[in-house]
Amino acid sequence: MAILSMVYACSDSFLDVPPTGSLNESLLSGALGLERSIIAVYSQVNGRGQRMGSPSNWVWGSIRGGEANKGTDPGDFSDINPIQRYEYQSTQGVINEKYTANYELVARANATLKLVAAAAADVTPEQKTLYTAQARFLRAHGYFELARGFDKTPYVDETVDLKDGAGDVPNDQSLWPKIEEDLSFAYANLPDTWLAPLSGIGKVNKWAAAAYLAKVYMYQNKFAEAKALFDVLIPTTYGGPGAGGKTSNGKTYGLVPLYASIFKASNDNHEESVWAYQAAANTGSVNNANPEFDLNWPYNTGADGPGNCCSFFQPTFEMGNSFRTAGGLPLLDDGSGAYDPAYNVGANQLKNDQGLESKDAFTPDAGELDPRLDHSIGRRGIPYLDWQDFPGKAWIRNQPNAGPYQTKKYAYYKSDKGSLQDNTSWTPGYTAINYTIIRFADILLMAAEAEIEVGDPEKARTYVNHIRTRALNPAGFVMKGAVPAANYVITTYPAGWAKDNATREKVRFERKLELSGEGHRFYDLCRWSGVYGGTPSDYVERVLGAYLAYESPKLPIALSGTAYGANDKFLPLPQSQIDLKPGVLTQNPGF
Amino acid sequence: MKKLYESLSLTLAMMLMLASVALAQERVVTGTVADETGTGMPGVNVLVKGTPQGTVTDANGAFSISAAPEATLVFTFVGYKTTEMAVGDRTTINVAMDVDLTSLDEVVVTGYGVDKRREIAGALSIVKTKDLTVTPTGNVEQLLQGRVPGVTVIQNGQVGSTSQVRVRGFGSLGPAGSNNPLYIVDGVPTQDVSFLNPDDIETTTVLKDASSASIYGARAAAGVIVYTTKKAKKGAKLAVTYDGMFGFTKPGAGQDMMNPQDFMDWTWIAQRNTENANAAAAGVAPDYAKALAAFNHPQFKGGLTPVMPDYISVGGTSGVVGSVDLAAEQLKYNVDPRKGSAYQVTEANKSGTDWYDELTSTAPLHRQTLGFSGGGETHRFYIGLSATDQEGTMINQSFHRYAARVNSEFDILPNLRIGENLQFTYRSILGLQGDNGGSGVSDDENDYLQAFRMPSIIPVHDVFGGYAGTASKGFNNPRNPVANREGLDNNKAFETFGFGNLYLEWDIVPGLTFRTSIGGNYSSAFGLGYTRWQYENSENNSAFGFNQFQQYNFSWVFTNTATYKKVFGDHGVELLVGQEALNTGKGWGYGQGGQNPFSWDPNFVNMTQVTTTPPNSNQFLGVNFSSYFGQVKYVFKEKYIISGVVRRDGSSVFGANNRYGVFPAASVAWRVSSENFMQGLSWVSDLKIRGGIGEMGNSNSVPGANQYTLYGGNVGASSYDINGSNTSATVGYYRTRIGSADTKWETSVTSNIGIDGLFFDGKLDVVVDFWRKDTEDLLLQVPITAVVGPGATPPFVNIGKMRNQGIDIGITTKGNINPEWSYEVNLNGSFLENEITELPPGQTYITTINPGYRGINPIRNGLGQGISSFFGYRVEGLFANAEEVAASPTQSGAGAGRFRYADINGDGNISDADRTFIGSPIPTFTGGLNFTLKYANFDFVAYLYTSLGNEIFNVSKWFTDFYPSFQGAAISERVKGSWSPDNLGASIPVFESASNFSTNQQSSSFYVEDGSYLRLQNITLGYTLPSALLSKLKMTKLRIFASTNNVATITGYDGLDPSVGGAVDTQFGIDVGNAPLDKSFTFGLNLGF
């Protein structure tokens, strides 16, 4: 053995020890390698446990949009406090997470593109195109999140790596044209569906690319370009001129008949699922089971409720009030002057149990309400999915700090416990419910906006009414025994829509109701204010100003003294990125 | 002093007495040998010079030997000068032995050899074995604390936890372990010596500077600690020793937390303070009644005065006042979550639960070693059998080690020897908290912290015996730590080791010895564990979990050396050349978890009976090193010493371009005291000036894959349910690592100037070293732009520099007060300065090292600062009132009673730019004082350790001193001194709900505390049976002792213990939940036959 070792030691190869458990680039250059490479890109879309990097944008879109507050205790995950107070600091960990998680997505997409460029001989041109198109779609998504989050950030594609000076790329160019390029390519080259002979219905198809591209146009207020795509995407049954788009598993786009079924794991990959993050439970890692939502559950439920922890993301009073209807229609702001919708006034406000104990008597609001309220917000006395009636304060961690409501979308059902829910981590709040990044209702509502601007406002009305028609389906009401759990009164809009602010407000408000808590609101408010392109306006300032004026006195611990300012539309670039090399990155104004 | 040698000598004495042969034809010479105090010395070797004839003195120092008149008798005894007496016509010869004051002939184990202390030119320190055996600790490296100047040991109180040993500061900015010293055990390198039994150790040498350590070249920069284990002398008769230590560890008190009444009252004070702030913000008068009614605590209600409940839960109903029909309730009782919702009845513990006390208990310990040593003409051996069992003071912490050591050596030919050192070890360490073998416990949120987060009103158990906890509402989210710990009851884990070497030594010609050695370590680990399905907390684990793991690891080293030692008149020459090849360990590990077996009975549960999740598995190949080294030493008249050493190392972690590194060192020493001009200074017994300079390397931080750009993935990082199954995910591959083929060795240039002095006939022994270690080509994982993907690990490259410098001082003084009394005082001290002197161009701090503790980011490794420095806002005080807020720089969330931060940049606005360095965890001075006093047969030892000038970031205060940090959790007694309009001088802010920039959200000097301390670590009182008595008992030694450890600590630190470590070098000194060093009491005996 001694002699053996000596021989061993003296040979040149003794100091060549290969790495283990890893692959080099050449091992991934075949078609099978490309497939595994693109899976890693999809995987990163949800941030992989970096809660702030997920596309759900529950902090960035919903909390900043006034749909919810941080919830929980003042001191718990207090890094979110400055976000909900619009007091961003460039050193905040949550901001860094948003930035780095999306750049990881971009980098993974770039890695796939590099592998495609170096692909082995057995990879067909068609395969190369498919992987390129997927990677470019996903890269566009990463840059889209960066663009609307931070405005300008460095643009790097597959040709720029660390050794090529990626660290020297400044943030002086708009990302939007690059996003459009990638999505246009994806639209042109992705398949119709991923059904056999292809495989992988979790992948993006050409219709998803068209939808995303349309959304990107909408962000820049490029309504004509967007409308052209919406016309392609919306099937005849919803008033579109053609056959419409399809989901990756071949379903023609449509609205799921029952609103609650959008957020049900057993109903994943439905006709409304334009692009969803495929969540899965019990895979060996809760990173596949919507880890970004693990804190956003009722508190102290014991075995009687879902999640058990930690009372984050509690809907606001203002959001609750928004579901008030009068004659089946919402109580809209008139679109002029101060933003002062009637739902925040007097008896129009949603009755709630703030300040009451669970054992204290409470009768829920008897007034007219949009039925989507009780699919979106957990409130006292109304069944919380199939668990039990929401008990109010007993399931709230800190009511004086965060109010009487809990979020309800993306909560798992008692009947799905252990199967479509994952118990392998520190808390049970992990689910297999796909997070729908774009759903067909979103397309209809954006299409309605585009129709108002460059098409037919009456067509916009029909799009919005499709949404409301689904919502008014009594089969979809939350029931308490044999009767609806509340006085649900909702109708479609009558004819007479025109290209004016009042009509715009109808569509915008429908968006708020339909998509509440899904991470869109703050970005929509900015979009409607021309922040990403188009004509600037003070819409976001007016709406958020009104929200804070209404909400702060109710939750003074969390919101007292809060104001939304002009520099709050974009986050500051992470200080740690700026400090890497002075002079490369330019900080956003105000930081 | 007088009796010191007795215990040492008796073994030898008895053997030689038995062996002595009276040779009658010569005359009999008798006499006594006395020591420096005039007392008879037993066990002194008496030899007729030039013959094998000899004897030893008896217990009274008397001897009798036959010798011719022309013969000369030679008297020898370890630690005394050899004395020669010509017989002449005398029949009685009395000898007074002189202490060998210089001890300079003492042989010191060094790198790849031994050397006389007299001739050493480098900086090295030895530790006496007896110092390693006094304290009952599992890991021998802990025992170096305060024993060696220049060595910092950071330990914690968990049994069996790994300590962080740092030799002369910090050289590397890598992850945990990159600054660990290299350990050499019987010639075999290792990174972990926790398997060693202290009683088996013969010598411990710490090689500190390049002159002494560069022989280990590329792995020496963090210092080298060389251990040898026991082996008898040839010809020694069988000696049997028994060393036993028995005792217990007693937990100390926890932190002072509020009792239930105070907790309730202060919850009310917090609400009132909150209302004050809200009312002030709204410009209205506070309405406490309204605020408290809105608050309406689940237990204490919502009145102006809180109400103490009798029950905090009756089937989920909170704040129950009055009696409860327990018999009726018991029918509804359920604590099995499988059967549905928990139904518990929990009484308020109005007298208050001392959670820390509940979590800890007095823990027994013992360590026993049976040693057999001896030898014949051609062989020698040592067999050591040892058992150590030590329970932790926290529930379900334990350390068990059973070891068998066999060392032996055989002469095949007179000039050819074969030998081996082997140890087989079973070790089990259970219940450790914290990363890296428990050394990271202080910056973990763990059960120590839970003890200070659980409100005292909650009892440990509900009235029917289940666990109580925060499922009773109103107390936020601490988890019952007693339940947590008791849930570990059935966990099992153990490791087995086979460590050692086999060697051959051949004396080719006199002075020239060739040695070949092959050694290694095989270890394997197995374990299984359970996680509880909790019901007692507000936030519960929701499944019963089971996991198991196993691993094996095999490392080897093959060493060949040739040494040549020769003295030519005044010239002494020593040469060493060697070759070494090694692998740091290859093997694989496997782990798997699963959930919810049909039954929770541990005898039933196995991986077959649970719903499994995908396993984890990894194989590793270790790092290969191929090295050549040589050393030359020249000594002239034992006065001038010149030494040079060079080692060339090749390592597989580096690419072919930079695979090899050469590490030279040179040293000179001048024994000034041998010069004529010094002879007049009689108080100088010996004085040597040493100087050395050289290079040492480090690549510990560099992973084997550093040179490669790699792709990989796993279920957590990169899997996706690509087929929409809802229940499975396919693993994808992404770029996990960016490689660098150009990375090379990190090099530390060390210079050392030292003085070794013996004064006043050896009564005063002084060693002083001035040293500087400049680490160049610092291996740094340079923070890179996020745009290339933060998921890819950037390579370690050579950018940056660090400087460590310091002074090491060792002073020993000893002497006799009178024949009965003697003393020895040993003082070790080190001053240390550490500074990051260069970072990548443009970067002023390492942006990627930013550990967070509930939003507090306390660490910045910045240019011009020491590593792991604390960074944040400097608190100048607390705002007295709104006027002061208005008059101060703009600060978000400012208000009366909140932090007023310093406006460092003076721009009138408190922002990120006003953060500054607010402390350092690195002590400027550490030292130990060992005091030994002997009286007749009694010996008394006291040992003190101190660490001065270091700060601690006590982030545990975030949990206990601020109301909004999970309000409802326990409140520190300290809060009673918090700010109020009547207590403007307070340091703790106003106790209120607000959580913002000016309260508990930012890293600030509020958390920084002086971490200096002085600890009386050990007091031992021993009694050795007089030798006369021993002879009758046919024993060579019998000593009994009693000892107490961690007797007292003087510190201003608020936390449990100022000895605060952390997970890694670049982020330590943070205390979230530190494990304190507890008092232990032991007694024991040392026997020799």
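**Figure 1. Phe300(B) is buried, with a relative accessible area of 0%.** Buried means under 20% relative accessible area, exposed over 50%, partly exposed in between (1.4 Å probe, protein chains only). This is a predicted model, in which local features need pLDDT of at least 70 and side-chain atom pairs count only at pLDDT 80 or more, while totals for chains, interfaces and linings use all residues; side-chain values use heavy atoms, without hydrogens and water. Residues are numbered from 1 along each chain as its sequence is written, and chains are lettered from A in the order in which they are written.

Figure 2. Rings of Phe, Tyr and Trp (its six-membered ring) pair if their centres lie within 6.5 Å; planes under 30 degrees apart count as stacked, over 60 as edge-to-face and the rest as tilted. One of the pairs joins Phe263(B) and Phe300(B), edge-to-face, at 6.2 Å centre to centre and 75° between the planes. Phe263(B) lies in helix α4 (residues 260–282) of chain B, and Phe300(B) in the loop between α5 (288–295) and β18 (311–314) of chain B, so the pair ties together parts that are 37 residues apart in sequence. Helices (H or I, at least four residues) and strands (E, at least two) are DSSP runs, numbered from the N terminus. Phe263(B) is buried, with a relative accessible area of 2%.

**Figure 3. Trp266(B) and Phe991(B) form an edge-to-face pair.** Their ring centres are 6.0 Å apart, with 75° between the planes. Trp266(B) lies in helix α4 of chain B, whereas Phe991(B) is in the loop between α12 (956–960) and β52 (1008–1010) of chain B, so parts 725 residues apart in sequence are tied together. Trp266(B) and Phe991(B) are both buried.

**Figure 4. Nine aromatic residues of chain B gather in one cluster: Phe870(B), Tyr873(B), Phe899(B), Tyr901(B), Phe953(B), Phe962(B), Phe997(B), Phe1006(B) and Tyr1007(B).** Phe and Tyr make up this aromatic cluster.

**Figure 5. Arg108(A) lies over the face of Tyr734(B).** The distance from the ring centre is 3.8 Å. A charge sits over a ring if NZ of Lys or CZ of Arg is within 6 Å of the ring centre and within 35 degrees of the ring normal. Arg515(B) lies over the face of Tyr503(B), at 4.3 Å from the ring centre.

**Figure 6. Chain B holds 13 helices and 57 strands.** Its C-alpha trace spans about 110 × 65 × 65 Å along the principal axes. Of the 1089 residues in chain B, 60% are buried.
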